[in-house]
Amino acid sequence: MRRRAPVRLVTAAAAVAVTVLAAGLATTPSAQAAADGCQVRYQVTNDWGSGATATVVVTNTGPTAVNGWTLAWSFPAGQTITDMWNATKTQSGADATATNVSYNAAIPAGGGSVSFGFNVTYAGSNPSPAAFTLNGVACSPPGTTPSSSPSGSPSSSPSSSPGPSGPGVPTGNLALRRPVTASSTEGAGLSPANAADGDRTTRWSSLYTDPQWLQVDLGAEYPVRQVILRWEAAYARAYQIQTSTDATTWTTVSGTTTGDGGDDVLAVDGHGRYVRMSGTARGTAWGYSLFELEVYAVPVAAPPGPDCGQSPADPDAGSKARHLICYLRTHTYVSGQTDLPDADKVQQLTGRYPAIVAFDFMEYTRGSIQTQQVIDWARQRQGIVAFQWHWYCPRGGNYAAPCDFVPDLNNPSSKLYQDIDLVVGELKKLGDAGVPVLFRPLHEANNNYMWWTKKGQDAYKQLWRLIYQRARLAGAHNVVWVFNGMASGQGTALSSWYPGDGYADLVTSDYFQSAGDLTTCKAIGNGKTTGVAETFSPLNPSTDPAWPYFVVWASRDWNGSGKDVAGLWKTAMANPRTISIDQLPNMTAW
């Protein structure tokens, strides 16, 4: 697990070196199918003398995906697992296993990975395990299996630059587990090698000055057709992508002066043995920090879906999420209502059922899970699912309580992480059932009422990006990320809370429907789709601005709004321009 950018404390415990494991002997196969090849990386991220936090990354190096996995090992000094996240544990004496949970059961072939973490207690010493087996097959440490990129001198590489699909051009990430160097390193555990290890929970971070660079040696000369930069919260505002045959003379093949973090997927036309990210202006007060620098001779294709002029914040977003973004981008007055009984109430009042129903993750962290009910509704009604999250403070109290969450941003064993992982696991279940979700976390950003707003914009953005990153790690690629606040009437501008184009798909406002609110939302980000994510008043296409969608708050507050909400619903649904559920396309075909 990684340390978050805004918390820049480097402690002796956090500086514990990464332990790379040696290969071990095969053990009796587990119930799952045997793996064709695997590598395991074990990292101690915190050690306090009688206990420690460890992160394990399992990489599938074989040609076949692993569906369902159990990783087994033995502790050499009597360590005892106290809790585990992103997997389930068993332990008998020194022997321990971790088995997948539902949302991370698959490990893609050819370098796909999963990760989990745990806390242990121990007495005396805390040596690392010496061997791991995945479904009964011994795993080797990272780097011992040859990379798909052949090593050798430039003279042994191709003499010309074949086309992306020409003979001899390798597929896959050419930078994976190749040697990486950088202009600087912030501290222990943040080495350049982390940016090419295939693990999106580790990262390289530079010193807090400009300029800085990071470069990878591909081992031979190749055409370079795509570069992907997966930024941590400390990103580059301005940078260039450069290639070289000798690491001395560089050719610029791409660049920007308006970077905003997230994942940058860059189409380039270059050639070389070395690829460099050369940063000239930081986007934050911190350094430059990359989870991964990926290089491809054959570009990675985007997941299937429509092209409507807006790419999803999640580059791995599935077809259904992409279709939902594009549907809202190309329509107006798509109707929505919070809570299932209230959606039924709208139908009773008007004869038409809202196209969107909004649910809440509020009680999920207290054991009340309604995911299957939502899946059943989506399948039966064929409507659009939205979720907000009135998140109880992980340190105690409700969603409006004082809550100092900042210290937990770099603590993977905290209740903050546990809450996030619970919710993103439920999002993944919805995705596995074919349901895309309009997800509105950390809502009403600039109203200074919810606990996640009370530590200021920077802390808010860090928390938002943490939720986004945990969702991607869990494989929840069915999410449409809904940024939300008040477009007018607040002490700070909504734009100052925006986490960045790489982390949001929609820019939405609550309540205030003044004439300028739509323009305000449109001005935030680079052409993002907008919406009214929560309001007491359904929009009237005859009088209100042409927002793509609106969601009316729960009927328990209709009377307190000071408006005739029932009458306004009747007016809205009497207008044929208001889109109800029966007018939606067949989302099962998305």
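A: Happy to! Helix α3 passes α4 in a right-handed crossing, where right-handed means that the near helix is turned clockwise from the far one by less than a right angle, and left-handed means anticlockwise. Helices here are DSSP runs of H or I with at least four residues, strands are runs of E with at least two, and both are numbered from the N terminus.

Q: Before we go on, what sort of model is this?
A: This is a predicted model: local features need pLDDT of at least 70, side-chain atom pairs count only at pLDDT 80 or more, and totals for chains, interfaces and linings use all residues. Residues are numbered from 1 along each chain as its sequence is written, and side-chain values use heavy atoms, with hydrogens and water left out.

Q: Back to the pair, then. At what angle do the axes of α3 and α4 cross?
A: At roughly 30 degrees, and the axes of α3 and α4 (residues 415-432) come within 10 Å. The axes are lines fitted to C-alpha atoms, for helices over the stretch in contact, with angles from 0 to 180 degrees between N-to-C directions. The two helices therefore count as roughly parallel, a label for angles under 35 degrees.

Q: Which residues meet there?
A: From α3 you have T371, V374 and I375, and they meet E426, K429 and L430 of α4. Contact means heavy atoms within 4.5 Å.

Q: Which residues of α3 are buried?
A: T371, V374, I375, W377 and A378, with buried meaning under 20% relative accessible area, exposed over 50% and partly exposed in between (1.4 Å probe, protein chains only). They cover an arc of only 160 degrees around the axis, so they sit on the same side of α3; the arc is that of the directions from the helix axis to the C-beta atoms.

Q: Why would residues three or four places apart point the same way?
A: Because an α-helix has 3.6 residues a turn.

Q: Nice. What do the buried residues of α3 pack against?
A: Against α2, β21, β22 (384-388) and α4. Just after α3 comes Q382, with a positive phi of about 60 degrees.

Q: And α2, which of its residues are buried?
A: In α2 (residues 340-350), L340, D342, A343 and V346 are buried. Their arc is 165 degrees seen down the axis, so they line one face of the helix. P341 and Q348, on the other side of α2, are exposed. The cover over the buried residues includes β20 (336-338), β21, α3 and α7 (565-574).

Q: Changing topic: where is M362 found?
A: M362 is in the loop between β21 (356-360) and α3 (371-381). It counts as partly exposed because its relative accessibility is 21%.

Q: What is M362 in contact with?
A: Leaving aside neighbours within four places in sequence, M362 contacts W389, H390, Y392 and Y399.

Q: Now sheets. What order do the strands take in the open sheet of 5?
A: The order is β7-β8-β5-β11-β12, with antiparallel pairing. Two strands pair if DSSP finds at least two bridges between them. The edge strands, β7 (88-92) and β12 (137-138), each pair on one side only. Inside the sheet, β5 (residues 70-74) and β11 (residues 132-134) pair over 3 bridges, and W73 stands opposite F132 in β11.

Q: Last one: how many helices and strands are there in the protein?
A: There are 7 helices and 27 strands, and 56% of the 590 residues count as buried.

Terms used. Parallel < 35°, antiparallel > 145°, perpendicular 65-115°, else oblique.
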